[in-house]
Amino acid sequence: MTPSGREAEPGAEIAPEVRRLGGHPVMLCPERGAPLREAADVIGDAFHHGVTWVAVPAARLDADFFRLRTGVAGEFLQKFANYRLRLAVVGDVSRHVAASDAFRDLVRECDRGTQCWFVPDLEALGGRLVS
């Protein structure tokens, strides 16, 4: 199923979709696909679509993203900051927050800022973008 609700062809690459949320164009990464470990995997698409916000499903992030000692999250977030793009991790990360004080602190700090947010769904992202 594509972000717009259409059925995807079996084996077909699902392209990102751009939607206006809270008055901002946001690139929505597809829910299905290979785990994302490198920010570069989506940054090129973000520039192609001319957006400043990228919404990545939490389930698409590589498992190492949630284990801060691997450095994957730090590199991912730093790349977004370097390219002046904003990231929304969309979905339930409560299991990871409960398992790691460091990850809990990262989520709390991100949610206080304007560069990266962890939100439960696109409706919550749209609400934050309005305010």
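Buried means under 20% relative accessible area and exposed means over 50%, with partly exposed in between (1.4 Å probe, protein chains only). This is a predicted model, in which local features need pLDDT of at least 70 and side-chain atom pairs count only at pLDDT 80 or more, while totals for chains, interfaces and linings use all residues. Residues are numbered from 1 along each chain as its sequence is written, and side-chain values use heavy atoms, with hydrogens and water left out.

**Close-up 1. Helix α2 and its buried residues.**
Let us start with helix α2, where Val72, Ala73, Phe76, Leu77 and Phe80 are buried. Helices (H or I, at least four residues) and strands (E, at least two) are DSSP runs, numbered from the N terminus. The arc is that of the directions from the helix axis to the C-beta atoms. Among the elements that cover the buried residues of α2 are α1, β3, β4, α4 and β5, where contact means heavy atoms within 4.5 Å.

**Close-up 2. The largest nonpolar core.**
A nonpolar core is a set of buried Ala, Val, Leu, Ile, Met, Phe, Trp, Tyr and Cys residues joined through side-chain atoms within 4.5 Å. The largest one here has 29 residues, and Val54, Phe65, Phe80 and Phe118 touch the most other members. Two or more residues each come from α1 (40-49), β3 (53-57), α2 (72-82), β4 (86-90), α4 (101-112) and β5 (116-119). Helix α2 gives the largest share, five residues. Another core, of 11 residues, lies apart from this one and includes Val26, Leu28, Trp53 and Val90. As a general note, nonpolar side chains tend to be buried together in soluble globular proteins.

**Close-up 3. The surroundings of Phe80.**
Which residues does Phe80 touch, not counting residues up to four places away in sequence? They are Ala39, Val42, Ile43, Val54, Leu85, Arg86, Leu87 and Gln115.

**Close-up 4. Aromatic rings in pairs.**
Rings of Phe, Tyr and Trp (its six-membered ring) pair if their centres lie within 6.5 Å; planes under 30 degrees apart count as stacked, over 60 as edge-to-face and the rest as tilted. By this rule there are seven aromatic pairs. One of them joins Phe65 and Phe76, with ring centres 5.7 Å apart and planes at 85°, so the pair is edge-to-face. Phe65 sits in the loop between β3 and α2 and Phe76 in helix α2, so the pair ties together parts that are 11 residues apart in sequence. Phe65 counts as buried at 0% relative accessibility, and Phe76 counts as buried at 1%.

Phe103 and Phe118 also form an edge-to-face pair, at 5.8 Å centre to centre and 85° between the planes. With Phe103 in helix α4 and Phe118 in strand β5, the pair ties together parts that are 15 residues apart in sequence. Phe103 is buried at 0% relative accessibility, and Phe118 is buried at 9%. Ring pairs link Phe65, Phe66, Phe76, Phe80, Phe103 and Phe118 into a cluster.

**Close-up 5. Helix α4, inside and out.**
The buried residues of α4 include Phe103, Leu106, Val107 and Cys110. Its buried residues fall within an arc of 95° when seen down the axis, so they line one face of the helix. On the other side of α4, Asp101 and Arg112 are exposed. Elements covering the buried residues of α4 include α2, α3 (94-99) and β5. The 12 residues of α4 should span 16 Å at 1.5 Å a residue, and its end C-alpha atoms are 17 Å apart, which agrees. The expected span is 1.5 Å times one less than the number of residues in the helix.

His96 is found in helix α3 and counts as buried, at 16% relative accessibility. Not counting residues up to four places away in sequence, His96 touches Phe66 and Phe103. Ser100 has its place in the loop between α3 and α4. Is Ser100 buried or exposed? Ser100 is buried, with a relative accessible area of 18%.

Arg84 lies in the loop between α2 and β4. Its phi is near 55°, a positive value in a residue other than glycine. Most residues other than glycine have a negative phi. Arg84 counts as exposed, at 70% relative accessibility.
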